[in-house]
Amino acid sequence: WGHPCEMCPAQPHPCRRGFIPNIRTGACQDVDECQAIPGICQGGNCINTVGSFECKCPAGHKFNEVTQKCDDIDECSTIPGICDGGECSNTVSSYFCKCPPGFYTAPDGLKCIDVRPGFCFSTLSNGRCGNQLPQPLSKMQCCCDSGRCWASAPATAPEMCPIRSTEEYRKLCTVAAVLPARPDLPPARPDVIPPPFIPGVQPPPHPEIIYPSRAPPIHPILPVNLTDYCQTFRHLCRNGRCIPTPGSYRCECNKGFQLHGREECL
């Protein structure tokens, strides 16, 4: 007030933060911030609470305290070891992996699977790998069934297969192993994928590979052309219908369900 300015005495606030006095009664009432503040919770869902509000952000987003909006999470820069063996590309609410030759993109697009043909050994004794199988197998085919060692080429030293129940084994042998647990995403389903056909490697004349173990093989060699993802990967499009497209697929969700990511309806 005045010239030069003079500070007015402090006014006692009739209501605490998040409340305003009712024009008629003077009693303190809750402010609905979702209605009162323009642009709040942009990209998410604003929920009014007594004296405050909550911002529910969709999967792949996080709430920005400064701007009060939902920002996309750049998984490529925040998740360590993402797209191992390939290149990560961020998308709104998700990401996908671009895989180099010799690697195959998983059906969900979230990791690269090594399908380079190599040499599988079924025994390991005193640190030495032995009993080389005659047919070339990828590391996944070898180590996720009964193999004990795998080598990428004849001249290279074989490497030991990861021990079952370890993180390394889970990463090699399950689909959803790259992402760490995140509360905004549904739990990962450890579906073991059969590896695709390895280009340049002739399938054996008999219909399936005979492994040294008694159990039937869980990784059949697929037909030369991987054209129908829906037939090959049966776990796609949960709560919906899988529609094959040239070189890929899409999901049509059941009534009352909405597509989440590429392969699941919620």
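Modeller: Happy to! A residue is buried under 20% relative accessible area, exposed over 50% and partly exposed in between (1.4 Å probe, protein chains only). This is a predicted model, where local features need pLDDT of at least 70 and side-chain atom pairs pLDDT 80 or more, while totals for chains, interfaces and linings use all residues. Numbering runs from 1 along each chain as its sequence is written, and side-chain values use heavy atoms, without hydrogens or water.

Let's settle on Gln141, a residue of helix H3, which spans residues 139-143. Helices (H or I, at least four residues) and strands (E, at least two) are DSSP runs numbered from the N terminus. Gln141 has 0% relative accessibility, so it counts as buried. Its side chain reaches the backbone nitrogen of Ser138 at 2.9 Å.

Now for the strands, which pair if DSSP finds at least two bridges between them. Four strands make an open antiparallel sheet, ordered E12-E11-E13-E14. E12 (128-132) and E14 (159-160) are the edge strands, each with a single partner, so one side of each has no neighbour in the sheet. E14 pairs with E13 (residues 149-151) in the antiparallel sense over 2 bridges, and Trp150 has Glu159 of E14 as its bridge partner.

Elsewhere, E5 (residues 61-64) and E6 (residues 69-72) pair in the antiparallel sense over 4 bridges. Lys62 has its bridge partner, Asp71, in E6. The two strands form a hairpin with 4 residues between them, and Gln68 in the turn has a positive phi of about 60°.

Definitions and conventions. A polar contact is a pair of N or O atoms within 3.5 Å; within protein, one must be able to donate a hydrogen and the other to accept it, and residues adjacent in sequence count only if both atoms are side-chain atoms.
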